[in-house]
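Here are some quick notes on this one, for when you have the model open. Have a look and see whether you read it the way I do.

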Amino acid sequence: MLRDPCLIPLSHQHHNGLALCVMIRRSLTSDSSPENIAKQATRAIDRYQLELVNHFEIEEQVLFPACSSMPLIHELIDQLLADHRSIRAFVAQLSAAPSLGLLERFCALLSAHIRREESELFE
């Protein structure tokens with residue numbers, strides 16, 4: 001199925017989010033020092049503020065409501081909204097007290113969330 005061209009900018013941002021997770025994971029694999037954990041937490045927070053805040057807003061205010069006429073995906077949208085809330089919470093926690101575990105869980109959730117949107121919602 002061809003993807004609606006209106007989704008392409010969101011897909012590009014999804015690519016950026018996946019790349020962020022790959023870079024953070026690679027960096028932490030080679031250096032799990034407290035300094036690098038703090039650096040990678042800052043990277044995640046900065047990317048969230050730069051791109052994901054606006055991305056989530058577009059999804060929540062435009063995309064998800066546009067899908068509301070499709071009852072088969074209501075449960076999916078509820079899960080995606082829950083993911084957004086969890087990602088926001090991880091960013092707040094990373095701001096307060098960055099840790100390796102938080103970064104790993106942030107990357108796991110963000111990656112899974114993006115893949116779910118791309119493979120289920122966008123199709």
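This is a predicted model: local features need pLDDT of at least 70, side-chain atom pairs count only at pLDDT 80 or more; totals for chains, interfaces and linings use all residues.

1. Which residues of helix 3 are buried? The list is Leu76, Ile77, Leu80, Asp83, His84, Ile87, Phe90, Val91 and Leu94. As for partners, the buried residues of helix 3 pack against helix 2 and helix 4 (100-121).

2. Next, the rings. You'll find 1 aromatic pair in the structure. The ring centres of Tyr48 and Phe56 lie 6.2 Å apart with the planes at 70°, so the pair is edge-to-face; the cut-off for that label is over 60 degrees. Tyr48 counts as buried at 10% relative accessibility, and Phe56 does at 1%.

3. Finally, the largest pocket, with a volume of about 150 Å³. Its lining consists of Asp4, Cys6, Leu7, Pro9, Leu10, Gln13, Ile58, Val62, Leu63 and Ala66. Helix 1 (8-30) and helix 2 (34-66) are the elements that each give two or more residues to this lining, and helix 2 has the largest share, 4 residues. By class, the lining splits into 8 nonpolar, 1 polar and 1 charged residues.

Key: Residues are numbered from 1 along each chain as its sequence is written. Side-chain values use heavy atoms; hydrogens and water are left out. On a 1 Å grid over the protein atoms alone, a cavity is a set of points where a 1.4 Å probe fits but cannot get out, and a pocket is an open set with protein on both sides within 12 Å along at least five of seven lines; lining residues have an atom within 4 Å of a point. Grid points are joined across faces, edges and corners, and a volume is the space filled by probe spheres set on the points. Ala, Val, Leu, Ile, Met, Phe, Trp, Tyr, Cys and Pro count as nonpolar, Asp, Glu, Lys and Arg as charged, and the others, Gly among them, as polar. Rings of Phe, Tyr and Trp (its six-membered ring) pair if their centres lie within 6.5 Å; planes under 30 degrees apart count as stacked, over 60 as edge-to-face and the rest as tilted. Buried means under 20% relative accessible area, exposed over 50%, partly exposed in between (1.4 Å probe, protein chains only). Contact means heavy atoms within 4.5 Å.
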